Structures are given as C-alpha cells and as structure tokens.
Amino acid sequence: MAQAIAPVEPVQTWRRFLTQETIVTVIVGLIVAVAVILPLITLVVSSFLVLDDLGFDTEWGLENYILLYTDRVIPKAIFNTFIISSGTMILATFLGVSLAWINARTNCPWADYLEPYNLIPFFLSPFVGAIAWHNLASPRIGLLNVWYRDFFGAEGYLLNVDNLWGVIWVTGLFFTPLVYLFVIGSLRRMDPSLEDSARTTGAGLLRTTLTITLPLVTPAILSGAIIVFVTSAGEFGVPFKLAAPYGWETLTTQIFTKAVGDDANHYLGATMSMVLGVITVILIWVQRVYIAPRSYTTVTGKGFRPNVLDLGKWKWVAFGFNLSYIFVAVVLPIFCLFIVSLHPVWTAEIIPSDMSMNNYVKTLFWWREDSIRAATDGIINSFILAFSGASIAMVLALVVSYMIHRTKGFGSKVLDILCVIPIGFPGIVLAMGVLVTYIQTPIYATLWILLLGYITRFFPYGQRNIASIMLAISEELDQSSRMSGATWFTTLRRITIPLLKPGIFAGWVLLFVIFLRELSISIILYSTGTETISVGVYYLANFENEALTSALSMTQTVVLLICIYIFRRVAGKEALSA
Amino acid sequence: MNTEDKNYLVVDQLVKWFGSDRAVNGISFSIEKGSFLTLLGPSGCGKTTTLMSIAGLHAIDAGEIRVGDTIYTSREKKIFLPPEKRDIGMVFQSYAIWPHMTVKQNVAYPLEIRKLHADEIDERVNKVLELVGLSEMAEKLATQLSGGQQQRTALARAIVSNPRLLLFDEPLSNLDLKLREQMRVELKRIQNEVGITSIYVTHDQSEALVMSDEIIVMSKGRIEQRDPPLAVYSKPVNEYVSQFIGVANLLKGKVLSEAESGKGKVDISTSITGLSCDCLLSSEMKKGDEVVVSVRPENVSVSRDNTDSSGIEGKVNAAIFMGNCVDCRITSGSYEWKVLTHPRENLNEGDRVFLHLDPEHTLAVTP
C-alpha cells in the first residue's frame, strides 16, 4: 500500500495569508463589520444634526437631545415606555417562571404535552395579538364586552385593552416564553442532589425551595426579566395598535412618526432611537457581565432527572393555570381573528348568515381585480425576504461562528462583540440607523434595504444556533480531516457543514419565522410596493376595516403555525433552548 | 542505515509561546525511520504542543521541523506547510470519528481526498479494517461503536493512506483500564506491522514503557531525558525523571568520595542521621556535589535480623497487601521508605526490620 507523495513546495509566508480560510473569513468579517457598525455610527452622528424650520438644511447641535425633555409629547412617551416595559417584565416573569416550574418540577398532568403550546406565542406576531385582543376587549366592539352586555344586560364594558394596561397584558402574554426558555434550562438541568442534600440536613421543602432552588435559578430569572424589559421597550406593534390611537405615545410609536409621515424628522427620530439604544445597551451589558456569569446550574452537561414535587390535589390548579395561559395567549386570539375575518365588516356581532371567505379572497388572490395590493404584495415580498434573508443570514452565521469558535484569532473577538450588538438593539433602532445610512443610495425603497435590515438585526440568532452545536462537537473532528489531507474548504464541505446540518436548518426556520412576522424594521424601511405581511396588516388596520385586517393576520398566523410544526419536527425540543 | 533514515523526523530548536508562557522552550530531537517514540510528561509539559506543531495544527514561534527532505515548518525560512499537505496520520484523544459517516466512510476519507480509484480505495480500506479487526463493523455508524472500536477506526483512518508519520495524542486515555492494557499491545503490533514512524504523546508512564522504542521525558517545555524504556526506568538522569517514571525513594545527599569510575559514596545524613551509602554516580559528579539518591522500592531488600550489621534499622508503619506484593512504608529516622516486598515475607505493621541497598541499583541523580 505504498503510495509516495511528491515533495510539496513549501508555502512562503506572504502566501500563507492567502489561504481559503483567511480569504473567506476576512471578506465575511468585513461584510459583518460594515453592516453592523455603519448604521450605528450614522445613527449616532445623525442624532446631533438639527433640522431647520423649513426642513431642508441641518446644522450640528444638541437641540434634538434638549427636545427629549422639553417636547410636548416625547417625555411622556419615554415615561409610558418605562411603564410598559416594567409592567410587561413583571407579568411575563410571573407567568414564565410559574409555567416553567409547573412543567419542569411538579407532577402537573400532561405537562410534556402542554409545553409546546406554551411556547407558541414566541413565534407569533405580538402586533397580530394586539389586533386580536382589540377585537376581543375594546370597550365598544370587543367580543367579550359584547357578550358581557348580552348575558348580563349590563351597560358599559367589562374589559378595556385600549390603554397601557392592555399593552402590558398583550406584550406580557407574548413575551412569557422568553422568560420560560431562560428559566426552564436551569430548572431541568439542576442537579437534584443539591436539593436532596439540603433536605438531609433537615431543611423542609419550603426552606429548601427558598434557600437552594430559588437562588440557583435567580440568575436565569433575572436574565429573562431584563431581556423582556428591553424587548418590550423596543416593541412597536402592540403600543401602536392599543395605546397610540388613544393618546398614549411610546418611544417606538414616536420614532415611527418621525421616520415616516407628514412631520418626518429622521434626525429627531435618530435621537429618540439613541435613548432606546442606550437603555438597551446598558441593560444587556448588565445582564451579560453581572448576571449571566452567575448562572450556576448550566455548567454541568450531565443529564439529570430533577426532583418532581407532588402537588396533590393542587396539581389540577397548576394544570388549569397552564391551560388558561394557552387559552388567552393562543386559542382565544386566533379564534377571534378567525370569527372577525369571516364578516364583511365587524360590527361586534357574530352573524352566521353574513359569513364568507371574501376577505381571504381579497387579501390572497393577487391576480384578481379587487385584491388589495398592500396585502398581496406584502405576502409575496415577505416570502421572498424570508427565504433569501434566512439563507444569506445562515451562510453568514456559519462563517462567523467558524471564525469565532474555530479560527480564534484577533478578529474572532471583535466579531463576537459585533454579533452581540444587533441582538441587543431593538429592530426599530437598527432600522432608523439603516434608514439614515442608505436613504441617499439606490437601495432605498427597494427590497434590498429591508433584506439588509433583516439580516443585520437577526443573523446573530442563526449564529447562536450554529455556535451552540459547534461548541458541542469537538474541534478534533475538523482537525482530523485536515490531517487526512483535506483542505479547509473540503473539510467545511464534507465534515463541518454535515455535522452542523440540524443547527443550520433549525436556525434557518427560526429566521424564516422571524422574517415572516417582522414589523418594526419593515415599518421604517418599506415604501409603496415593498410592503411585507405585517406592513400589510398595518395598512389594512389603518385604511381598511377590522375584518380584512383579521383575514390577513389569520393568514400570517396559519403560515407561522405551519413553520412551528416543521421546526419542531426537524429540530426537536433541544434547538429552542439553545 | 543511512543518516537520512536515522534522522527521519527532525525537530530543531522548537519554540512555541502561549500568551506569555513558553509552552515549548527550544527543544530538539530526531527520530529514526520506522521507530516508535513517546513524548512523556505531566499536563502542561509541552508534549501535546510539540505534537500539534509537527501536525501543523498551529504555527510555531521559532525553530524548524522537517521530515526527510521536506521542511514542514521553519520560522527562520518563513515556511509553513498546511496540515493537509504534510501527509501525516493522526489519532486524536477523542478519536474524532465523524458521526455522520460509517466506519468504512471514515476510513476511506483520506483516500478519497487523495483521489484514488474507487476499487483501490475499497481494497485498501478492507485490508486496513482487517488489520485492526473491524471488518465486521464496516457499515456501522460511528455512534454505534464502543470506545475501543472507535479507537480502532481512528487508527485505521490514520494509517490507511500509509502516511510518512503517525501521531498519537493520548489515544488511550478515554478507555477503561482493561481495554487500555489490551490496546497498548494491539497498537504496538499494528505499528510494527505497517512500520510507520510514530510519535506518541501520553502522561501515562506505563503506556510509554510498554509501547515505545524510545521515550522522551519532558517537563516545563524542555526535554529531561531521552532513552529506551529500560534506561529511562533504571537510569533516570535526575530527580524529576526518577519520581515521574515509577516510584522512587529519594534522599538528599552530598558526594563524599568517588571510588572507581561511575561509583562512589554519598552522605545522606540529612535524611537519615549518620548514614552514607554506596551508589552509581554519573561521570560529571564530583566530590562535594549536591545529589539525590534514588532507589526503586523493589530494589530495597528487607531482613528481620542484621547479621552483617550493614542494614538500616526501621519500623514497619504500614503494610498494604496488593495481591502480588506487599507495599510497605518503613520509617528509619525521619525518612519513610517505600518498599515492595514479597507476600511470603509476611511483614506486619509495627515489625522491626533492616533495609539493605544494592549499590548496583542505588543511583545518585542530579536534583
């Protein structure tokens, strides 16, 4: 079996830097750096530009920042944002921790079957949730209020979601899975002997829970709570639907009015984005530096069977609590959307004889004369964006993960930070950055600018999906391929990518879902002809009626549900918790 | 044998920094073609770093590595051959069997990379699978294999292309004791059969002793000793090697006198009052030099009476029955001896005994 290998020409140093590995990684690194840093720099710079009264010229100054507390609306908007974020944080943390504890640590019946449904809101659009809840519980036309009046012959209303409390309610329901996902890992992976040894020292159940279990999970709870605070501060759809029309402005709704519309002032919009951005950066920094490292329970990779608490009769209360969450967060809104969408016009009354699929025809059948362009274009554009965006983002994510976790040079540390920045930034802030950066270029008002915004903001999600698997598979698998004589690229193609395939696909579907429902970037960057589904919903809500809005919302929801199903089938339970 | 075969692999003044640590501190060695060399040392001694430098899995900071007439890497000549061009087979600590491929696909991979004809690939893969005893398992996925089978697959993959060098990075450390002992012999047999020059990295001294033609003992990025296994064990050059390889009684002392060449008397009164002993000295040791006397536990003999009054009096502190021997701790003065005795001697805790040192097996080494 002798096979002589011809002596190989030694590679000189300067050529050493022109290997496949360095060429690809340098190019991708530069793309990522430009995509992430450029909008942020432009945003910061723009925030110091002041538009003159005529709205043509700008000069340097701090007037935008002074407006933050002298303006008629902005200070209140900042205050409202704070109220909403705090309220949402409390509600989502309470629900998320309770559900995680019930599912992981008690004998609640059928907990395994309930879990996937607990997570559904994570994938759906909060904006659509707000529309559904508006139809359920606005004072005049809310279905629940109508029923209340009919059954009890009462006057007025039972529930009102058209205010800050409504925003907190809906956002809280939708962000509960965020906390859940943070906490469930700690609860499941906790070494049961930690609690058992407390019990053997004589500590009772309550005392063990308070002195051992809770402190061990606290870092995860705090992390989840901070992420919810930050995410709801950047949430646009829900306050736009439930609060802004009734006089409760928030930072995001104000940024929106400054980005588009009659009194557009991108520079003031940029300044307000800075406020949101700075709050976010500080909180995310606190989470990563002070809280995440204190997470004790995720260190061991061992699979434990956590202690399960026998709730006795109370297990049915836990079960009921869990079902109620699924009912108000998933079942009721979707049911309401469906009912409303069947009516020609929603008059707060279910009229079976009026029901038809006409609204779906108008929003789906793009070839028909009476179709609504904003809706039909939106669907097509969203699919184009979701498909190409997820594909490009995953390629980027793959190379970037490789650089961070395999190449390990100077550039990898920089890239690691670059990948954290977009995750922290609210979509609407990043979109403002992208808008002010590219408004003078040909890509403005095309799908390209949306694609750029989507990928920049969300590719780190895909990157994390890949990175978690990449960290789990030994580097020696790559190295042994190189030792077998394969080049870097062949190794990537034949070893690395096949091993990462589940992660790549799970990440792809996750991004596809996110892009299909994306609102806060799209709403800033779209223009006529480049609407997305969510922009279409916005358009219908503003310029058409509730019934048409519900039809398109329903379409989006069904597509998302199908994606979730595929995601679960392919990726399994594990992919989510990564 | 010509000089080229004698110096088949040459590592010359290799230096590798990790941050501000010198992981490898200017080591040089060469290997004869077809031989089996072990780099032995505790973790952090630079053995794995040396191996990775030869493999090309990281760049080096100074020095040169060459095989035959091919320079693999040279800092001075600004040469770096990427790992895939070095024609090396390597067995990793984790085996690194690709889980998405069958055993056969794993083993065929290096040949596919070399663009061999499918028939030839098939033939060579079958041959090598037979050699490692995995013919039955060819179609199994890597995930269905036991640790030992993964190990064999990794070995088959490393040797299938008949590379110029075979590198082992602690390949047995993940196996349980029984299997490890079995694989030692197996690995050596296969290496003998294919005759590929091999470098083996381990921290397990018994592995090194069993398998190697030669052993290089390393510590803190430097070579302490290079010798065949027997010499490393019986003639350690310094205190470090004698306590790292096997177990040794080490007593601080001072050379009293040099007798005939290579022999002399050493004063060990700092350990045991008023005592000196005859031992083997190395050529550069002079009267008055600080040395350490090293005696293997199996080279201390024990008697109950002191007929020739040359024995060192001691008291048995502990006698631990190990099956084929009894591991005794015997104190004399302030020193506690480790002594291996035959079970027939029937030593018990508290017994008074006399220890005798054989000058031929009592070694003065540098501290």
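My entries follow, starting with the ground rules.

**Ground rules.** I am working with a predicted model, in which local features need pLDDT of at least 70, side-chain atom pairs count only at pLDDT 80 or more, and totals for chains, interfaces and linings use all residues. Residues are numbered from 1 along each chain as its sequence is written, chains are lettered from A and ligands numbered from 1 in the order in which they are written, and side-chain values use heavy atoms, with hydrogens and water left out.

**Chain B overall.** I looked up the make-up of chain B and found nine helices and 21 strands. Helices (H or I, at least four residues) and strands (E, at least two) are DSSP runs, numbered from the N terminus. The C-alpha trace of chain B spans about 75 × 50 × 40 Å along its principal axes. Chain B has 367 residues, and 53% of them count as buried. For burial I use relative accessible area: buried is under 20%, exposed is over 50%, and partly exposed is in between (1.4 Å probe, protein chains only). Among the contacts in chain B with a separation of 6 or more, 64% come from residues 24 or more positions apart. Contact here means heavy atoms within 4.5 Å.

**α3(B) against α5(B).** Next I checked how helix α3 (residues 103-113) of chain B sits against helix α5 (residues 147-159) of chain B. Their axes come within 7 Å and cross at roughly 25 degrees. The axes are lines fitted to C-alpha atoms, for helices over the stretch in contact, and angles run from 0 to 180 degrees between N-to-C directions. α3(B) and α5(B) are therefore roughly parallel to each other. My classes: under 35 degrees is roughly parallel, over 145 roughly antiparallel, 65 to 115 roughly perpendicular, and the rest oblique. On the α3(B) side I noted B:Val103, B:Asn106, B:Val107 and B:Pro110, which meet B:Thr153, B:Ala156 and B:Arg157 of α5(B). The residues of this contact are four nonpolar, two polar and one charged. In that count Ala, Val, Leu, Ile, Met, Phe, Trp, Tyr, Cys and Pro are nonpolar, Asp, Glu, Lys and Arg are charged, and the others, Gly among them, are polar.

**α21(A) against α3(B).** What does α3(B) pack against in chain A? Helix α21 (residues 488-517) of chain A packs with α3(B) at an angle of about 155 degrees, and the axes are 13 Å apart. α21(A) and α3(B) are therefore roughly antiparallel to each other. The crossing of α21(A) past α3(B) is right-handed. A:Thr490, A:Thr491, A:Arg494 and A:Ile495 of α21(A) make the contact with B:Tyr109, B:Glu112 and B:Ile113 of α3(B). I sorted the residues of that contact into three nonpolar, two polar and two charged.

**α20(A).** Helix α20 (residues 475-483) of chain A is mostly covered, with eight of its nine residues buried. Among the buried ones are A:Glu476, A:Asp478 and A:Arg482. At the start of α20(A), a side-chain oxygen of A:Ser474 comes to within 2.9 Å of the backbone nitrogen of A:Glu476. Just after α20(A), A:Gly485 has a positive phi of about 105 degrees.

Most residues other than glycine have a negative phi. I found B:Ala96 with phi near 55 degrees, in the loop between β7 (88-91) and α3 of chain B. Is B:Ala96 buried or exposed? B:Ala96 is buried, at 2% relative accessible area. B:Lys220 has phi near 50 degrees and lies in the loop between β10 (214-219) and β11 (222-227) of chain B. B:Lys220 counts as exposed, at 72% relative accessibility.

A:Ser138, in the loop between α6 (126-137) and α7 (143-152), counts as buried at 3%. Leaving out residues up to four places away in sequence, A:Ser138 touches A:Trp133, A:Asn145, A:Leu159, A:Val161 and A:Asp162. A:Leu418 is in helix α17 (residues 410-424) and counts as buried at 5%. A:Leu418 and A:Ala33 are 385 residues apart in sequence, yet their C-alpha atoms are 6.8 Å apart.

Notes
A polar contact is a pair of N or O atoms within 3.5 Å; within protein, one must be able to donate a hydrogen and the other to accept it, and residues adjacent in sequence count only if both atoms are side-chain atoms. A crossing is left-handed if the near helix is turned anticlockwise from the far one by less than a right angle, and right-handed if clockwise.
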